Amino acid sequence: MVASSSSFDAAAFREQVKTMLDRHANAFDGPEEGHALLREQIANGDDIHSRRTFPGHVTTSAFILDATGKRILLIHHRSLDRWLQPGGHYEAPEDLAASALREAREETGMEGLVIDPWHRMSGLPIDIDSHRIPARPKRGEPEHWHHDIRYVVRARESAALRPDLTEVHGAEWRELQELEAIAPQALRNMRRLGLAHP
């Protein structure tokens with residue numbers, strides 16, 4: 001993590017993400033075509049850390065699991081009108097895992113959330129997913145791509161939920177199986193590592 005935004009090195013960040021992509025592909029045998037645009041933007045020298053960079057930029061998100069790995073906390077996203085994991089735009093010079101944790105805390109209001117220890121040991125996210133986001137003319141945003149770097153976060157189900165209702169319609173503990181329709185590759189990776197059950 002860089003000490004201040006004034007000393008943020010965009011080229012070093014691109015290299016960090018490229019190395020992460022390479023290591024993640026080796027660890028999970030992921031399909032390379034899913035990351036073609038992100039790799040192209042890195043090669044072009046795009047400021048992928050900035051939300052004003054199009055056609056895509058980096059976001060982070062958190063799969064918040066209970067202690068047993070059998071339930072997941074999802075938020076109902078206001079603008080997309082879907083149940084999803086908490087997440088949002090990366091803010092330089094944050095550490096990527098810290099960015100995912102910040103988004104999880106902001107959107108759920110939960111205390112005591114922690115990044116799963118597997119990430120510290122591996123130095124990898126659980127999933128990297130590029131997906132299309134609809135245009136938002138009121139914000140001056142064309143249709144674009146979010147290159148979402150995803151982490152497993154652990155929580156106590158007993159911790160109070162205080163979702164930010166300016167961002168989300170609500171937050172609920174749901175059955176893990178619901179992730180199959182939201183982030184199937186992430187769910188496969190979590191099960192393969194024994195982070196989620198069944």
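# Close-up views of a predicted model

**View 1. Asp66 in the loop between β1 and β2.** Asp66 sits in the loop that joins β1 (56-65) to β2 (71-77); helices (H or I, at least four residues) and strands (E, at least two) are DSSP runs, numbered from the N terminus. The model is predicted, so local features need pLDDT of at least 70 and side-chain atom pairs count only at pLDDT 80 or more, while totals for chains, interfaces and linings use all residues. Residues are numbered from 1 along each chain as its sequence is written, and side-chain values use heavy atoms, with hydrogens and water left out. Asp66 is buried but has no salt bridge. Buried means under 20% relative accessible area, exposed means over 50%, and partly exposed lies in between (1.4 Å probe, protein chains only). A salt bridge is a side-chain nitrogen of Lys or Arg within 4 Å of a carboxyl oxygen of Asp or Glu. The nearest side chain of opposite charge to Asp66 is that of Arg71, 4.9 Å away; Lys and Arg count as positive, Asp and Glu as negative, and His and the chain ends are not counted. A polar atom of the Asp66 side chain lies 3.0 Å from the backbone nitrogen of Lys70. Leaving aside residues up to four places away in sequence, Asp66 touches Arg71, Arg154, Ala155, Glu157 and Trp173, where contact means heavy atoms within 4.5 Å.

**View 2. The salt bridge between Asp116 and Arg154.** The closest N and O atoms of Asp116 and Arg154 are 2.7 Å apart. Asp116 is buried, at 6% relative accessible area, and Arg154 is buried at 16%.

**View 3. The salt bridge between Arg39 and Asp22.** Here the N to O distance is 2.9 Å. The pair links distant parts of the chain, with Arg39 in helix α2 (residues 36-44) and Asp22 in helix α1, 17 residues apart. Arg39 is partly exposed, with a relative accessible area of 23%, and Asp22 is partly exposed at 29%.

**View 4. The salt bridge between Glu143 and Arg132.** These two side chains meet at 3.2 Å, N to O. Glu143 is in the loop between β6 and β7 and Arg132 is in strand β6, 11 residues apart. Glu143 is partly exposed at 47% relative accessibility, and Arg132 is partly exposed at 48%. The structure holds 17 salt bridges.

**View 5. Phe28 in helix α1.** Phe28 belongs to helix α1 (residues 10-28) and is buried, with a relative accessible area of 6%. Not counting residues up to four places away in sequence, Phe28 touches Trp118, Pro125, Ile126, Asn189, Arg192 and Leu193. The C-alpha atoms of Phe28 and Arg192 are 9.4 Å apart, although 164 residues separate the two along the chain.

**View 6. The largest pocket.** The largest pocket holds about 840 Å³ of space. Its lining has 37 residues, and the closest to its centre are His77, Leu80, Gly87, Gly88 and His146. At least two lining residues come from each of β1, β3 (82-84), β4 (87-89), α3 (96-108), β6 (127-133) and β7 (144-154). On a 1 Å grid over the protein atoms alone, a pocket is an open set of points with protein on both sides within 12 Å along at least five of seven lines, and lining residues have an atom within 4 Å of a point. Grid points are joined across faces, edges and corners, and the volume is the space filled by probe spheres set on the points.

Key: A polar contact is a pair of N or O atoms within 3.5 Å; within protein, one must be able to donate a hydrogen and the other to accept it, and residues adjacent in sequence count only if both atoms are side-chain atoms. On a 1 Å grid over the protein atoms alone, a cavity is a set of points where a 1.4 Å probe fits but cannot get out, and a pocket is an open set with protein on both sides within 12 Å along at least five of seven lines; lining residues have an atom within 4 Å of a point.
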